[in-house]
Structures are given as structure tokens and as C-alpha cells.
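Hello,

Here is the structure we talked about handing over. Please open it first, then read my notes below.

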Amino acid sequence: MRRTTFHRASLAAASLLLLAGCGSQGGGGDKGSGAVSPKPTPTPTPSVTSTPTPSAGCTPVTSELTTADSGRTFCLAQDGTLRITLDGTEQRPWKKITAAGDTAALKEINYGIMLRGGDAGSAFQAAAAGTVTLSATRPLCAEPTAPGGVSCKGIQEWQVTVKVN
């Protein structure tokens with residue numbers, strides 16, 4: 001009971017402080033004129049025809065890419081680095097990450113970390129402007145361990161597009 005009362009009192013005090021701060025506005029003096037100043041007229045900009053920037057429609061790479069990033073498009077600045085880690089299992093391992101497209105745009109570099117069995121990882125550095133598709137696959141199901149067991153032929157695909165500016 002006491003705890004609820006304290007909580008309600010704290011909530012009421014916080015609400016009063018919030019409302020007190022919302023009602024004040026700064027002005028030029030003690031007495032306001034009551035008039036609202038008009039919005040400034042925007043300066044017209046000259047019409048320029050330009051090609052879309054390479055970063056249009058993509059997300060800047062800020063950290064490591066994972067399986068959750070599949071299907072997305074990313075931007076990478078020149079000389080930027082990109083790390084990819086795909087978590088798999090020994091029963092359902094990822095195949096090596098491959099590159100297609102303007103493969104000169106990304107140069108594979110040392111990943112630097114030892115991976116668990118079934119995982120895949122790669123690191124790339126942006127070397128030139130271009131668009132590269134990175135992809136990998138793994139089985140959807142583990143192979144049967146007993147003779148005569150049921151197996152599936154499904155494949156899980158992972159793919160991202162990287163635009164190097």
C-alpha cells in the first residue's frame with residue numbers, strides 16, 4: 001500500500017514539472033505583441049538534372065552482417081570494410097560466401113576470427129565503385145544419421161547486395 005502511494009505521488013510531481021515546462025515560450029520582451037511572425041519564403045533553387053547517388057535505396061553498412069540481413073541492399077564507402085558472420089551448425093553448415101557482379105569492387109581480406117563448425121564468415125574491403133551480390137547456401141534439414149531415414153533437399157539461401165560508392 002505504501003509503495004503504491006509513493007509511486008502515485010512521484011508520478012503526480014513529475015507530471016506537474018512536465019506541464020510547467022510546456023507552457024512557457026520565450027519572447028522579445030516582457031509583453032508580447034500577440035502577432036505571429038510569418039514563415040520565411042523559401043528561396044527557389046535552380047533546377048539541376050543529376051543522376052541518382054549510388055547510395056539511393058540502400059542502408060549504410062555500420063556493423064557486421066548476419067543471416068537476418070538476407071535480401072537487403074547495403075552501401076559501403078570506398079576503403080570501408082564489411083564483415084559477415086552466418087551462424088550454422090555441423091549438421092547444417094553454410095557453404096563459403098561467394099561474390100558475383102562487379103567483383104573488383106570488393107576485395108576479400110582476412111576475417112581474423114576462427115569459426116565454429118558450420119559457420120561461414122568473410123570480410124571485404126571496398127576497392128572500387130560497383131555493385132556486388134554476396135551469397136551463401138546451406139541445407140534446410142540435417143542429413144539422416146540412420147540408414148533409411150527421411151531427408152529433405154531444401155536449401156536456405158542468404159544473399160545481400162553491396163553498392164560501393
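How many salt bridges does the structure hold? There are three. Please keep in mind that this is a predicted model.

Salt bridges

Start with R72 and D69. They form a salt bridge, with the closest N and O atoms 3.0 Å apart. R72 is partly exposed, at a relative accessible area of 35%. D69 is buried, at 11%.

Next come K96 and E108. Their closest N and O atoms are 3.3 Å apart, and the two form a salt bridge. This pair links distant parts of the chain. K96 sits in the loop between β3 and β4 (98–101), E108 in strand β5, and twelve residues separate them. K96 is exposed, with a relative accessible area of 55%. E108 counts as partly exposed at 43%.

Then R116 and D119. Their side chains meet in a salt bridge at 3.3 Å, N to O. R116 counts as exposed, with 56% relative accessibility. D119, in contrast, is buried at 14%.

The sheet

E108 leads on to the strands. It stands opposite F124 in β6. β5 and β6 pair in the antiparallel sense, over four bridges. What is the strand order in the open sheet? It is β3-β6-β5, three strands with antiparallel pairing. β3 and β5 (106–109) stand at the edges and have a single partner strand each, so one side of each lacks a neighbour in the sheet. From one strand to the next, the twist averages 30°.

The core

The largest nonpolar core has 21 residues. Those with the most contacts inside it are L82, I84, L134 and W158. Which elements give two or more residues to this core? They are β2 (73–76), β3 (81–86), β6 (120–126), β7 (130–139) and β8 (155–164). The largest share, four residues, comes from β8.

Have a look at I84 while you are there. Leaving out residues up to four places away in sequence, I84 touches E64, L65, I97, Y111, A120, G121, S122, F124, L134 and W158.

Disulfides

The count comes to two disulfides. One joins C58 to C75, with an S to S distance of 1.5 Å. C58 lies in the loop between α1 (2–22) and β1 (59–60), and C75 in strand β2, so the pair ties together parts that are 17 residues apart in sequence. Is this pair buried or exposed? C58 counts as buried at 15% relative accessibility. C75 is buried too, with a relative accessible area of 8%.

The other disulfide is formed by C141 and C152, their sulfur atoms 1.9 Å apart. The link is right-handed, with 120° about the S-S bond. Both cysteines lie in the loop between β7 and β8, eleven residues apart. C141 is partly exposed, with a relative accessible area of 29%. C152 is partly exposed as well, at 26%.

Number the bonded cysteines of the protein chain in sequence order and the pairing reads 1-2, 3-4.

Best wishes

Notes:
Residues are numbered from 1 along each chain as its sequence is written. This is a predicted model: local features need pLDDT of at least 70, side-chain atom pairs count only at pLDDT 80 or more; totals for chains, interfaces and linings use all residues. Side-chain values use heavy atoms; hydrogens and water are left out. A nonpolar core is a set of buried Ala, Val, Leu, Ile, Met, Phe, Trp, Tyr and Cys residues joined through side-chain atoms within 4.5 Å. Buried means under 20% relative accessible area, exposed over 50%, partly exposed in between (1.4 Å probe, protein chains only). Contact means heavy atoms within 4.5 Å. Two strands pair if DSSP finds at least two bridges between them. Axes are lines fitted to C-alpha atoms, for helices over the stretch in contact, and angles run from 0 to 180 degrees between N-to-C directions. A salt bridge is a side-chain nitrogen of Lys or Arg within 4 Å of a carboxyl oxygen of Asp or Glu. A disulfide is a pair of cysteine sulfur atoms within 2.5 Å.
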